Amino acid sequence: MRKRVLSIMIMGLILVPFLFSAVAAKTLKIGSMSPLTGPYASDGTDIKNGARAAIEVFEEAGGMPGYDKIEFFPQDTACDPRQAVAAANKLINLEVVGVIGAYCSSSTIPSSETLDEEDVIMITPASTNEKVTDRGLPYMFRMCGRDDDQAPAAAKFLKESLGAKTIFIVDDKTTYSQGLADGVKKASIALGMEVVAHEHVNQGDKDFSAILTMAKRANADVFYMSLQGYSPAAMMTLQAKRLGMDSQIVTQDAVFQPKYMDVAKEASQGVYLTYGFTDQTTPQYKAFEERYVPKYGKIAAYATYAYDAATALLYAIKAAGSTDPEKVKAELMKLDFQGVAKKIKFNAKGDSGSSYIAYKVVGDKFVPYWEPVNGLIK
Amino acid sequence: MRLLPWHKPHLLVRPNNLKLRKLNTMEYFIQQLINGLTLGGMYALIALGYTMVYGVIQLINFAHGEFFAAGGYVGAIALAYFAGIGYMDSHPVICLTASFMIAMAYCAYLAVGVEKIAYKPLRKNSRLAALLSALGMSIFLSNGMMLTQGVYDKVYPGELFQGRFDFGMVTISYLQIMIVSLTACLLVGLNLLVFKTKIGMAMRATAQDKTMSALVAIGSNKIISLTFAIGAGLAAAAGIMYGLYYGSVKYDMGFVPGIKAFAAAVLGGIGNITGAMIGGLIIGMVEIFGAGYISGEYKDVFAFIILIGVLYFKPNGIMGENIDDTRV
């Protein structure tokens, strides 16, 4: 008995320095959730890198008053709702003050409910499905646009700029891709275009020859491709070209990643896609480019949004002078500044506005091509 | 009123001849048939490895899909190297052949190593232990590729062998011809190896009875290693063809084709070489025709319905699994 007491005392003595160091070094914990493995690992890695870059910049600019450092916990969701909820629980246990993520709308929706139970702020840089912010969760924010804005913009582009009469739609049955495809279908019919077919492929498919042969037979004016992630989209584009399908390919925001052109090569040239407008001439964007590109490579779809999301969160915590979610939320709502991707100003729902325009793939760049109000961009 | 640019839609420039003609029913069928043969050929090459290994040591080698992915990666690296030193433009056929050799040799070596590390120590244990070890190896190799090669797609260089023949509206690419003919050649070659050579005889003997074959001076360890090497080499060949055909490879590409090829091997009668070929072609065809004529979202469902249906009526697969003469 005595021995046991003694050993416990010794253990206690050993632990004491750790306790002190834990108290002395006060860290602010920020989490991120995105797919770091599985088919969307590349897009998820962009989000992680974007958020990490924001934290680095913030720390170099003086860091958070009252904290010695900011610790970043990137979690893997694998675009799987169950794993996303597990990641959310893990972040809650780590006592993070805010989460940047997730990527797939189908992961963001269930995991945000888990985070909401513990009042953890979540800012998604990439989930565009309208349900993300339509459920009235108090601490759910969104940095990117909404699909119910993207779909009408895309349909308008097909009609007014491309003069399309018939459309062939393909999606891969995720919350995001199917929601958007349904939206485009509805908007296109409303604008008087004919949807000749709405087909589906499976997530993780690599061979699209059957569907593309079907599209070749249908020979619609536009082949609208709503896939989760750039990788399947690039494979589908390349296969379509090799099969001799001549419909104009139009796609969406998930494809906004320069790797798309690497994989689809010449087949990518002249493809249109809708994506939120980012002014690439602002000093904020230039500064981000200088910092991000040498370390992480070309800027892709969600890196800028993840950067802005993390920056907004850190600014709000700093302004609130506390990590109390209610106070941080109040500060988030007050934010109004030019970020890297867009102007940041949240509305009552937690959205920060959509600004979808059409881009055209020219060489290895996405060139702004058309916008809904004034038409072609010069 | 000022005429805004978008008031005159003019951007859809489409070739006139295509506007006039669409694929007719026959052409559509033939095009889908070609698509199915290509996909089925690739499944068949992977399925051969499953079936050979099962034939010899009754192990379902779940890491086999990873050999396929590794082959695709090695091929991409070798081809990029040849393109870098400028040999690709002058000697494309030699470069491609060399890449095939390198990838097949590498994967054969990898498979022998995997067998020595993960399966051989468990040979005396229950089959379940080796099966779990195979699953673990699959995850290990897949994540290893992710960590060493990155999460982004690796692109195959250039537009190598990307020409195509057009018969009316039907398109056949050189690669599709190459995949189907190479698959056929490998099947004939493999059958000759197994049934006409001494090594083949040794393999069949090992498959029937390891102890007995050891008594007649057949080194069963050597034969098992050889089986793994041949199977992985075929998977590597499929990996390169996959990379050329689809334009890029990714670390997770082995999983789904691996499962499909496993299904193909079971469908044909696991342990049976010709059965694996036939199974691969059937799975590929059913998938493509299911997607092309019914709906794309159910194509995997159709493939597995066929599998369940065949196994229900013929539990040993189409060609049967226990005919001793045809088993590896």
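In the predicted model, the buried residues of helix H6 of chain B are B:Ala130, B:Ser133, B:Ala134, B:Met137, B:Ser138, B:Leu141, B:Ser142 and B:Met145. An α-helix has 3.6 residues a turn, so residues three or four places apart point the same way. Helix H3 (64–84) and helix H5 (92–119) of chain B are among the elements that cover these buried residues. H6(B) spans residues 127–149, 23 residues in total, and extends 33 Å from its first C-alpha to its last, close to the 33 Å expected at 1.5 Å a residue. Just after H6(B), B:Gly150 adopts a positive phi of about 90°.

A further helix pair in chain B is formed by H7 (residues 174–196) and H10 (residues 220–246), which pack at an angle of about 170° with their axes 10 Å apart. H7(B) is therefore roughly antiparallel to H10(B). On the side of H7(B), the contact is made by B:Leu175, B:Ile179 and B:Leu186, and on the side of H10(B) by B:Leu234, B:Met241, B:Leu244 and B:Tyr245. By class, the residues of this contact comprise 7 nonpolar, no polar and no charged.

In chain A, 8 strands form an open sheet of mixed pairing, in the order E7-E6-E8-E9-E10-E13-E14-E15. Strands E7 (194–200) and E15 (375–376) of chain A each have a single partner strand and stand at the edges, so one side of each is left without a neighbour in the sheet. Within the sheet, E10 (residues 272–276) and E13 (residues 356–362) of chain A pair in the antiparallel sense over 5 bridges, and A:Leu273 stands opposite A:Tyr359 in E13(A).

Two helices of chain A were examined against this sheet. Helix H6 (residues 147–161) of chain A packs on the sheet and touches strands E6 (166–171), E8 (222–226), E9 (248–251), E10, E13, E14 (365–371) and E15 of chain A. The direction of H6(A) makes about 60° with that of E13(A). Helix H8 (residues 209–218) of chain A also packs on the sheet, touching E6, E7 and E8 of chain A, and its direction makes about 170° with that of E7(A).

Between the chains, 42 residues of chain A are in contact with 41 residues of chain B. The elements of chain A that contribute two or more residues to this side are H2 (41–60), H6, E7, H8, H9 (230–243), H10 (259–264) and E15. H8(A) provides the largest share, 7 residues. The side of chain A that touches chain B has 13 nonpolar, 16 polar and 13 charged residues.

Definitions and conventions: Residues are numbered from 1 along each chain as its sequence is written. Chains are lettered from A and ligands numbered from 1 in the order in which they are written. This is a predicted model: local features need pLDDT of at least 70, side-chain atom pairs count only at pLDDT 80 or more; totals for chains, interfaces and linings use all residues. Two strands pair if DSSP finds at least two bridges between them. Helices (H or I, at least four residues) and strands (E, at least two) are DSSP runs, numbered from the N terminus. Two residues are in contact if their C-beta atoms, placed from the backbone, lie within 7 Å. Axes are lines fitted to C-alpha atoms, for helices over the stretch in contact, and angles run from 0 to 180 degrees between N-to-C directions. Angles under 35 degrees count as roughly parallel, over 145 as roughly antiparallel, 65 to 115 as roughly perpendicular and the rest as oblique. Ala, Val, Leu, Ile, Met, Phe, Trp, Tyr, Cys and Pro count as nonpolar, Asp, Glu, Lys and Arg as charged, and the others, Gly among them, as polar. The expected span of a helix is 1.5 Å times one less than its number of residues. A residue is buried if 20 or more other C-beta atoms lie within 10 Å of its own, exposed if 12 or fewer, and partly exposed in between; C-beta atoms are placed from the backbone.
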